[in-house]
Amino acid sequence: MKILVFNGSPKRDASDTMHITRAFLDGMNEAAAQEVKTIHVIDKHIEYCTGCFACKRNGGTCIHTDDMRDILDEILQSDMLLFNFPLYNYGIPAPLKALLDRTMPLSSLAMQRVGDHYAHPCQADFSRLRYVMICGCGFPNSRHNFEPAVAQFKLMFPSNHTIITIPESPMFNAPEAAVVTLPRLELVKCAGRQFAENGEIAPDLLAEIGSPMIPEETYAAIVNRKES
Ligand SMILES: Cc1cc2nc3c(=O)[nH]c(=O)nc-3n(C[C@H](O)[C@H](O)[C@H](O)COP(=O)(O)O)c2cc1C
C-alpha cells in the first residue's frame, strides 16, 4: 500500500507523536511490506488558502504556485493518508491545517446532501483512500481535550477513517518513562498489524491505547515538579 504520512509536528522526527506513528507503521510493515513517504509539513512552502475559489473555476488549479501542487499529486497517487500531529489548542496545528485547507481543488463547489448534512463532492474517485489520524497531547486527560480534533477529522473524512489518540505523549521522548512507553508502543504496533490485516483495529485495543500510561494525577505531579 502507498502510504503518505503528513507529520504536523514542527519537531519533525524528534516529535513525541512520531514515536506512535513509527510503531503503527512498523506493525503494518510486519503484516505486509508498505511503501511509506513522510512529509514534514513544517518544511513545505504552503501558502494560506485565500478563499477565492479560483480552483473551482479553472479546472482544479490553485492560484498559488507552491509545494501544494506536488502534494496534491502525491495524495492522488496514495492509498492511505496518515495524519500525525500533536494536539494544539484542542485542534490541528496551523501548518497542517493550512495544508488541509489547500486540498480545496480536490472537491467541487457543488453541495451534496449526505445523510443529515451537506458536503462538497470529490473531483476524483477517492473511495480507495484510507485516512488515519494519530494524535498525541500534553495533558493527561483525553476527555475535554481531543474531541474537537476528532470531530473535525470525522467530518473531513466521513468514511474509511481510523483514529488513534494518546494522552501524556511527551513521555515518548523521556527515556526514564520507557517502562510504560515501550509496552504502549507494542500495543500500537499490534494495532498497525491488525489494521493492515483487517482494515480495522479492535475497539478494546484502541481504548487501551488511548488510556493514560500513568495515572493522571501522577503525571500532572511529575510535570509540575519539573516546571517548578
Ligand atoms: C501551541 C501548543 C498548543 C498545545 N495545546 C494542547 C492542548 O490543547 N491539549 C493538550 O493536551 N496538549 C497541548 N499541547 C501539548 C502538545 O500536544 C504535546 O506537547 C505533544 O506531545 C507534542 O507533540 P510533538 O512532539 O509530536 O509535537 C500544546 C502544545 C503547544 C506547543
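Eight helices and seven strands: that is the content of the protein chain. Keep in mind that this is a predicted model.

Overall dimensions next. The C-alpha atoms of the protein chain fill a box of roughly 55 × 40 × 35 Å along the principal axes. The radius of gyration is 18 Å. A compact globule with 228 residues would have one near 17 Å, so the chain agrees with that expectation. Buried residues account for 31% of the 228. Now the contacts. Take those between residues at least 6 apart in sequence: 73% of them join residues at least 24 apart.

On to the sheet. Five strands make up an open sheet. Read across, the order is β2-β1-β3-β6-β7, and the pairing is parallel. Which strands sit at the edges? They are β2 and β7, residues 161–166, and each pairs on one side only. From one strand to the next, the twist averages 15 degrees.

Look inside the sheet for a moment. Strand β3 covers residues 80–86, and strand β6 covers residues 130–136. The two run parallel, and seven bridges join them. As a reminder, strands of a sheet pair through backbone hydrogen bonds, either parallel or antiparallel.

Now a helix against that sheet. Helix α5, residues 147–156, lies across β6 and β7. Its direction is at about 170 degrees to β7.

V41 sits between β2, residues 35–40, and α2, residues 54–57. Is V41 buried or exposed? V41 is buried, because 25 other C-beta atoms lie within 10 Å, and the cut-off for buried is 20 or more. Who are its contacts? Leaving out residues up to four places away in sequence, V41 touches F6, N7 and G8, and also P95, L96 and L99. Another residue to check here is K97. V41 and K97 are 56 residues apart in sequence, yet their C-alpha atoms are 9.9 Å apart in space.

Last, the ligand. How many residues are around it? There are 17. Those that come nearest are S15, P86, C137, G138 and F139. P86 falls within the 80–86 range of β3, and P86 is among the residues nearest the ligand.

To recap: a five-strand parallel open sheet, helix α5 across β6 and β7, a buried V41 in a loop, and 17 residues around the ligand.

Conventions
Residues numbered from 1 in each chain as written. Predicted model: local features only at pLDDT ≥ 70, side-chain atom pairs only at ≥ 80, totals over all residues. Near = placed C-beta within 6 Å. Helix = DSSP H or I, 4+ residues; strand = E, 2+ residues; numbered from the N terminus. Buried ≥ 20, exposed ≤ 12 C-beta atoms within 10 Å, placed from the backbone. Contact = placed C-beta atoms within 7 Å. Rg over C-alpha atoms; globule rule 2.2 N^0.38 Å. Pairing = 2+ DSSP bridges. Axes fitted to C-alpha atoms, helices over the stretch in contact; angles between N-to-C directions.
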